[in-house]
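Q: Hello! I have a new structure to look at, and I would like to learn how to read it. Could you walk me through it step by step?

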Amino acid sequence: MKKFEELLEEAVSFHGGLCAGQVIGVRMAILGCKLIGMDEPKNHRKKLMVFVEIDRCACDAIQVVTGCRLGNRTLKWIDYGIMAATFVNLNTKKAMRIEVTEKSRNLAKRYAPFIKDKYQQQLEAYKIMPQGELFKIEEVNMIIPLEDKPGRPTSRVCCEICGAYVNDRREVNKNKKVLCRGCANGRYYHKAEDDRCIFKNAENGIKKLG
């Protein structure tokens with residue numbers, strides 16, 4: 001695997017700027033890959049999966065180091081809001097979860113006392129902080145269904161209400177109908193003519209884009 005400094009430079013270029021999250025993400029990905037026996041993760045296409053638990057800066061760095069992406073189904077986002085990720089070797093089934101410790105925030109003062117700005121202090125401290133203080137590391141068991149793994153879709157069915165096609169067993173059986181999750185449980189968006197739309201004005205209640 002490339003050196004930390006080189007990987008950090010690549011992550012910064014991809015992310016668009018240097019921040020503490022980039023440092024954490026690069027270190028987390030390097031450690032996670034080594035712990036599951038993948039020192040050269042990009043040589044193991046579709047044999048490595050990473051589950052990230054937060055949608056923050058570190059995820060970009062993890063993507064750069066591992067080569068895992070949403071587009072090839074090797075990067076999964078589990079919306080826990082925790083700065084953590086689990087690295088899985090699909091060949092050996094070994095999985096390691098790495099979580100950033102809360103104490104690392106306060107320990108930053110010890111490792112970069114000469115820096116007064118809190119965020120810059122954390123950025124520099126996380127580069128050199130021992131992994132045992134920066135991370136909580138644990139081996140875990142992962143059961144990954146076939147429909148969640150990389151590869152071609154395992155199924156494709158049509159929603160009986162809206163007609164959308166649903167891949168990989170994401171459909172819902174409700175009231176004896178096969179439905180997409182939006183029709184079954186409600187959607188994350190509303191149609192533009194819906195008065196619940198977030199784009200509103202005082203005159204007509206709706207401000208349409210374009």
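**Strands, a helix and a core**

A: Gladly! Alanine 95 stands opposite valine 140 in β5. Strands here are DSSP runs of E with at least two residues, and helices are runs of H or I with at least four residues, both numbered from the N terminus. This is a predicted model, where local features need pLDDT of at least 70, side-chain atom pairs count only at pLDDT 80 or more, and totals for chains, interfaces and linings use all residues. Residues are numbered from 1 along each chain as its sequence is written, and side-chain values use heavy atoms, leaving out hydrogens and water.

Q: In which sense do β4 and β5 pair, and over how many bridges?

A: Two strands pair if DSSP finds at least two bridges between them. β4 and β5 are antiparallel, with six bridges. β3 and β4 also run antiparallel, joined by five bridges, and phenylalanine 87 stands opposite methionine 96 in β4. β3 and β4 make a hairpin with five residues between them, and lysine 93 in the turn has a positive phi of about 70°.

Q: Why is helix α3 described as largely enclosed by the rest of the structure?

A: Start with the term: buried means under 20% relative accessible area, exposed over 50%, and partly exposed in between, using a 1.4 Å probe and protein chains only. Helix α3 covers residues 57–66, and seven of its ten residues are buried, so the rest of the structure largely encloses it. Among the buried ones are Ala58, Ile62 and Val65. Their cover includes α1, α2, β1 and β3. Glycine 67 follows α3, with a positive phi near 80°.

Q: Which residues have the most contacts inside the largest nonpolar core?

A: In soluble globular proteins, nonpolar side chains tend to be buried together. A nonpolar core is a set of buried Ala, Val, Leu, Ile, Met, Phe, Trp, Tyr and Cys residues joined through side-chain atoms within 4.5 Å. The largest one here has 42 residues, and Val26, Met28, Val50, Ile62, Phe87 and Phe135 have the most contacts inside it. α2 gives the most to this core, nine residues. Apart from this core lies another, of seven residues, including Met49 and Val140.

Q: Is serine 155 buried or exposed?

A: Serine 155 is buried, at 18% relative accessible area. Serine 155 sits in the loop between β5 and β6. A polar atom of the serine 155 side chain lies 2.9 Å from the backbone nitrogen of arginine 169.

Key. Contact = heavy atoms within 4.5 Å. Polar contact = N/O pair within 3.5 Å; in protein donor to acceptor, adjacent residues only side chain to side chain.
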